[in-house]
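Work through the following exercises with the structure open beside you, and try each task before you read its solution.

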Amino acid sequence: MTYATDRIHEEIAYIAYHFHWSLEDILDLEHRDRRRYAQEIASLVTRATEG
(Lines give C-alpha, C1' and ligand atoms only; values in the text may rest on other atoms or scores of the structure.)
Protein backbone atom coordinates (compact mmCIF):
# COMPACT_ATOMS: atom_id res chain seq x y z
CA MET A 1 0.00 0.00 0.00
CA THR A 2 1.29 3.44 -0.90
CA TYR A 3 0.74 6.33 1.46
CA ALA A 4 -0.74 9.27 -0.45
CA THR A 5 1.64 12.14 -1.12
CA ASP A 6 -1.03 14.66 -0.17
CA ARG A 7 -1.46 12.96 3.21
CA ILE A 8 2.28 13.08 3.89
CA HIS A 9 2.33 16.81 3.10
CA GLU A 10 -0.65 17.31 5.39
CA GLU A 11 1.10 15.57 8.28
CA ILE A 12 4.32 17.48 7.72
CA ALA A 13 2.53 20.83 7.65
CA TYR A 14 0.48 19.94 10.74
CA ILE A 15 3.49 18.90 12.81
CA ALA A 16 5.63 21.81 11.61
CA TYR A 17 2.86 24.30 12.40
CA HIS A 18 2.26 23.05 15.92
CA PHE A 19 5.75 21.93 16.99
CA HIS A 20 7.84 24.33 14.87
CA TRP A 21 10.08 21.45 13.79
CA SER A 22 12.10 21.66 10.60
CA LEU A 23 11.16 19.74 7.49
CA GLU A 24 14.31 17.67 7.85
CA ASP A 25 13.45 16.68 11.43
CA ILE A 26 9.93 15.67 10.46
CA LEU A 27 11.07 13.69 7.41
CA ASP A 28 13.58 11.85 9.61
CA LEU A 29 10.68 10.36 11.59
CA GLU A 30 9.45 6.89 10.78
CA HIS A 31 6.00 6.90 9.19
CA ARG A 32 4.29 5.47 12.27
CA ASP A 33 5.98 8.02 14.54
CA ARG A 34 5.01 10.94 12.29
CA ARG A 35 1.45 9.65 12.17
CA ARG A 36 1.39 9.29 15.96
CA TYR A 37 2.60 12.87 16.48
CA ALA A 38 -0.12 14.13 14.14
CA GLN A 39 -2.74 12.17 16.10
CA GLU A 40 -1.47 13.45 19.45
CA ILE A 41 -1.49 17.06 18.20
CA ALA A 42 -5.07 16.60 16.99
CA SER A 43 -6.03 15.29 20.41
CA LEU A 44 -4.43 18.27 22.15
CA VAL A 45 -6.11 20.72 19.81
CA THR A 46 -9.49 19.06 20.34
CA ARG A 47 -9.15 19.16 24.13
CA ALA A 48 -8.05 22.81 24.05
CA THR A 49 -11.07 23.86 22.00
CA GLU A 50 -13.50 21.88 24.16
CA GLY A 51 -12.23 23.17 27.46
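A salt bridge is a side-chain nitrogen of Lys or Arg within 4 Å of a carboxyl oxygen of Asp or Glu. The model is predicted, and the mean pLDDT of its protein chain is 93, with 96% of the residues at 70 or more.

**Exercise 1.** Decide whether the side chains of E11 and R7 form a salt bridge, and describe where the two residues lie.

*Solution.* Begin with the distance: from N to O the pair is 3.9 Å apart, and because the cut-off is 4 Å, E11 and R7 count as a salt bridge. Next, locate the residues, which both belong to helix α1 and are four residues apart, about one turn of the helix.

**Exercise 2.** Find which parts of the chain are linked by the salt bridge between E11 and R34.

*Solution.* The closest N and O atoms of E11 and R34 are 2.8 Å apart. This pair links distant parts of the chain, since E11 sits in helix α1 and R34 in helix α3, 23 residues apart. R34 is buried, with a relative accessible area of 6%.

**Exercise 3.** Examine the salt bridge between E40 and R36, and state how exposed each residue is.

*Solution.* The closest N and O atoms of this pair are 3.0 Å apart, and both residues lie in helix α3, four residues apart. E40 is partly exposed at 34% relative accessibility, while R36 is exposed at 51%. Elsewhere, salt bridges with shared partners join R7, E10, E11, R34 and R35 into one network.

Note on methods:
Residues numbered from 1 in each chain as written. Predicted model: local features only at pLDDT ≥ 70, side-chain atom pairs only at ≥ 80, totals over all residues. Heavy atoms only, no water. pLDDT = per-residue confidence, 0-100. Buried < 20%, exposed > 50% of the residue type's maximum accessible area, 1.4 Å probe, protein only.
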